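Hello,

The structure you will be working with is placed below. My notes on what was found in it follow.

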Amino acid sequence: MTEPILSVRDVWKQFGTQVAVAGVNLDVGHGEKLGIIGPNGSGKTTLINCITGILRPERGTVIFEGSDISDLPAYRRARRGIARSFQIPRPFVGISVIQNIQVPLDYVEDAANGPNRAIELLALVGLESRADCPADSLTHLELRKLELARALAASPRLLIADEVMAGLSEAEIDEVLEKLFVLNDRGVTVIMIEHIMHAIMRFSKRLVCMETGQIIADGSPQDVGRDPEVRRVYFGEQASR
Amino acid sequence: MNEWRFIVGTLVVLSVGALLSHTATNAYVYYAGFVALQYVVISTGWNILGGYAGYVNFGSGAFVGLGTYTAIFLFNSLAAPLWIQILGAALVGGLLGLAMGYLTLRIQGVYFSIATLALTAVLSTGIVNWKYVGGARGITVLASQPTVWFPSIVSYVFFAMLLLAVISITIARGIERSWIGRGLAAIRADEQAAECAGVPTLKLKLFAATVSGALLAMAGAPYPYYASYVDPDSAFSINYALNALAMPLIGGTRTWIGPLIGALLLSGVEQAATVTIPSEVNLLIVGLVLIGFVVAAPDGLLGLAGRRFTQGKRP
């Protein structure tokens with residue numbers, strides 16, 4: 001692996017006495033397809049929040065494309081090429097669907113712009129017919145698509161997809177996966193957090209499992225899937241549901 | 001096309017105002033007109049931070065009062081003409097907005113509102129203890145008759161207020177339709193998601209607080225010429241804070257039209273109430289109207305109309 005696009009060094013984040021991320025080290029290579037699994041509350045989303053700048057860790061550094069971004073506010077990290085979708089869709093309600101897409105186009109300088117760019121993005125996720133609807137009139141599936149389109153609008157070099165497929169049907173999962181594959185082929189590094197195992201196993205080339213704020217397994221999806229510790233904390237938990 | 005309509009509209013409004021300022025014989029026209037137009041400026045100014053960005057400012061009285069007393073100070077010390085007083089008020093109000101924003105906007109949501117509440121009390125106490133601008137007793141401001149064009153000082157002040165109303169609406173409309181407006185709407189909806197979409201939330205909020213503060217202070221600047229007597233209680237009146245909030249809520253906070261409608265409605269109702277019933281009941285009416293709107297039309301009249309419209313359009 002050449003120099004990683006993202007390098008997380010010893011990141012530590014706690015809320016009060018509750019340690020959410022306990023000294024995580026993680027390197028992500030250019031163009032990689034990385035999956036992150038782990039039981040609920042294992043620190044996956046907190047780690048993502050530390051990477052995107054929503055949260056400031058107590059300790060540790062985040063290096064993106066060779067420069068230390070630990071002290072940058074979230075919007076500057078977005079402008080450098082880190083985009084994310086949120087676990088629960090967070091649309092900009094009160095403005096139309098197409099204006100939602102226009103926001104990152106306005107504010108991220110590198111975003112490939114142009115008069116039809118917003119419509120193209122909506123077409124990519126199949127929302128073009130809803131362009132002028134208010135964002136709060138969308139269905140759950142449409143909101144997830146909007147979330148993805150908004151993340152893509154920033155022309156990211158690193159996309160973090162936090163449970164974009166939760167609640168979707170099998171056909172819809174295939175649809176979203178297809179889009180992520182296409183994106184990855186164009187050189188975008190993708191980090192995927194997902195509970196839908198067959199989707200993440202299909203997508204990822206490398207899988208990481210988190211538990212109580214630490215990475216307990218890191219390797220090929222097959223190896224991580226066979227790891228006894230992973231089976232105990234994650235699959236075991238799933239089986240007992 | 002839309003731009004042309006807006007430009008033609010403003011020119012028509014200004015011409016009618018100019019005509020009115022020369023022809024109306026009944027001084028009540030100027031009196032009621034001034035109040036209504038002042039409300040338009042206050043409502044529009046408040047809405048830039050309170051509506052577009054969603055940061056509810058309870059301290060409008062502080063800004064309006066500061067504008068009034070800036071005008072008094074400039075008149076007293078430099079005998080400055082009205083337009084200098086207005087510019088001075090806008091400058092000071094903008095700075096206060098920026099300072100208040102810098103101190104409080106890092107805190108999200110409701111804490112900001114609480115902080116703004118204290119601002120009016122702090123400023124009015126300061127003025128009460130400042131003898132140069134009249135202190136607690138108040139001050140009489142005798143403006144000289146306008147030398148050019150306008151027949152009387154009231155008609156002059158009326159037209160100045162009309163100009164301010166047009167300016168503030170043009171600014172609000174410009175912000176609303178630009179990338180700044182979209183950024184503010186994103187902040188209002190979800191600040192973290194806005195950050196992750198590249199929106200510099202703190203900078204935009206400071207910008208909105210500055211513009212909003214400047215417009216609110218501007219609304220207070222012509223008041224000394226209009227009333228010729230000013231005391232801290234009327235300049236920093238709690239009514240400003242209440243009305244500034246009520247008018248955009250009544251009209252709708254997402255567009256520039258909402259605050260305009262709200263201001264015209266509320267000033268109309270107030271004028272009607274003032275001439276028919278005692279003034280204390282006045283405030284009660286505003287309160288009741290506000291509660292009614294919060295319950296029945298949380299997005300204001302425009303929201304209500306918009307909902308009807310989109311419901312009709314859907315299959």
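**A hairpin and its sheet in chain A**

In strand 5 of chain A, Asp68(A) is the bridge partner of Ile63(A). Helices (H or I, at least four residues) and strands (E, at least two) are DSSP runs, numbered from the N terminus. This is a predicted model, in which local features need pLDDT of at least 70, side-chain atom pairs count only at pLDDT 80 or more, and totals for chains, interfaces and linings use all residues. Residues are numbered from 1 along each chain as its sequence is written, while chains are lettered from A and ligands numbered from 1 in the order in which they are written.

Strand 4 and strand 5 (residues 67–68) of chain A pair in the antiparallel sense over two bridges; two strands pair if DSSP finds at least two bridges between them. These two strands of chain A form a hairpin with two residues between them, and Glu65(A) in the turn has a positive phi of about 50 degrees.

Strand 4 (residues 59–64) of chain A is also joined to strand 1 (residues 6–15) of chain A, by five bridges, and the two run antiparallel. Arg9(A) has Thr61(A) of strand 4 as its bridge partner, and Trp12(A) stands opposite Arg59(A) of strand 4.

In what order do the strands of the open sheet in chain A lie? The order of its four strands is 2-1-4-5, with antiparallel pairing. Strand 2 (18–28) and strand 5 of chain A are at the edges with a single partner strand each, so one side of each has no neighbour in the sheet. Helix 1 (residues 44–52) of chain A packs on the sheet and touches strand 1, strand 2 and strand 4 of chain A. The direction of helix 1 makes about 115 degrees with that of strand 1 of chain A. Contact here means that the C-beta atoms of two residues, placed from the backbone, lie within 7 Å.

**Chain A overall**

Chain A has nine helices and 10 strands. Its radius of gyration is 18 Å, close to the 18 Å that the globule rule gives for 241 residues, so chain A is as compact as a globular protein of that length. The radius is taken over C-alpha atoms, and the rule is 2.2 Å times the number of residues to the power 0.38.

**Two helix pairs**

Axes are lines fitted to C-alpha atoms, for helices over the stretch in contact, and angles run from 0 to 180 degrees between N-to-C directions.

In chain A, helix 3 (residues 97–107) and helix 5 (residues 140–153) pack at about 25 degrees with their axes 8 Å apart. That angle makes helix 3 of chain A roughly parallel to helix 5 of chain A. Angles under 35 degrees count as roughly parallel, over 145 as roughly antiparallel, 65 to 115 as roughly perpendicular and the rest as oblique.

In chain B, the axes of helix 3 (residues 60–78) and helix 9 (residues 201–220) come within 6 Å and cross at roughly 55 degrees. Helix 3 of chain B is therefore oblique to helix 9 of chain B.

**Where the chains meet**

How many residues of chain B are in contact with chain A? There are 18, and they meet 23 residues of chain A. Helix 7 (179–189) and helix 8 (191–196) of chain B are the elements that give two or more residues to this side of chain B. Helix 7 of chain B gives the largest share, seven residues.

Regards
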